[in-house]
Amino acid sequence: MSEPALRIGVLAIQGDFEAHRRMLGSLGAAATTVRVPNQLDGLDGLVIPGGESTTISMGMERDGLDSAVRSYSEAGNPIFGSCAGMIVCDREHLGLADYVCRRNAFGRQLQSFEEDVVVEGLGEEPLRAVFIRAPWVEKHGPGVEVLAEVKGHPVAVRDRNILAVAFHAELTDDSRLHASFMAMCTAARSPDRAHR
């Protein structure tokens, strides 16, 4: 008997959460929006999209999602943070992963750029990465795996069940990062959830 499709939530407080939903759907996931804590129930993974990190953090706190997402992560469920989502996951915000970001590290909106980035685990072909008011990882603990760098700064990292990138992975046709996150979700899926 085949396993049911992965159920992956996309935090829908701010940012282009619909682009993430479309990307995940194109890969066969059942992608749904998350706006309140009980919408995390039964999910195989969660995406925290780009936007403005302060607005996202305030919205999560307002709706009780901050503590709910912490509990979700502590249970070992995979989370994928993109751009502002990377910041939201760091030590100084939700504390889901052992790194600290510098906000707007590459500059403001006018300094937005695209760059080909080789991401460890995605093969030798570079990924076209879109950086918009992007952060980078300023410092990180020894358990954090750096998957890609730009100008000597980490822009893609993994810390256990947290995958985080400084760029907008949803704004190109390259779905490899989302596919990699889905593989994390499949690996983390509990037997009872996989056969419900």
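Here is a walk through a strand and its neighbours, a helix, and some aromatic rings. What you are looking at is a predicted model, where local features need pLDDT of at least 70, side-chain atom pairs count only at pLDDT 80 or more, and totals for chains, interfaces and linings use all residues. Residues are numbered from 1 along each chain as its sequence is written, and side-chain values use heavy atoms, with hydrogens and water left out.

Let's start with strand E1, residues 7-11. Helices (H or I, at least four residues) and strands (E, at least two) are DSSP runs, numbered from the N terminus. Four of the five residues in E1 are buried, meaning under 20% relative accessible area with a 1.4 Å probe, protein chains only. E1 runs parallel to strand E2 (residues 30-34), with five bridges joining them; two strands pair if DSSP finds at least two bridges between them. Leu11, for instance, has Val34 in E2 as its bridge partner. To get from E1 to E2 the chain passes through helix H1 (residues 17-26), and this β-α-β crossover is right-handed: with the strands pointing away from you, the path from the first strand over the helix to the second runs clockwise. E1 is also parallel to strand E3 (residues 45-48), through three bridges, and here Gly9 is partnered by Leu46.

Now find helix H3, residues 65-74, where Leu65, Asp66, Ala68, Val69, Tyr72 and Ser73 are buried. Down the helix axis these buried residues fall within an arc of 165°, so they line one face of H3; the arc is that of the directions from the helix axis to the C-beta atoms. They pack against E1, E2, E3, helix H2 (53-62), E4 and strand E11 (162-165), contact meaning heavy atoms within 4.5 Å. After H3 comes Gly76, with a positive phi near 95°.

On to the rings: the whole structure has six aromatic pairs. Rings of Phe, Tyr and Trp (its six-membered ring) pair if their centres lie within 6.5 Å, and planes under 30 degrees apart count as stacked, over 60 as edge-to-face and the rest as tilted. Phe80 and Phe181 have ring centres 5.5 Å apart and planes at 35°, so this pair is tilted. Phe80 lies in strand E4 (residues 79-82) and Phe181 in helix H5 (residues 176-188), so the pair ties together parts 101 residues apart in sequence. Both Phe80 and Phe181 are buried. Phe113 and Phe131, by contrast, are stacked, 4.7 Å centre to centre with 5° between the planes.

Note on methods:
Buried < 20%, exposed > 50% of the residue type's maximum accessible area, 1.4 Å probe, protein only.
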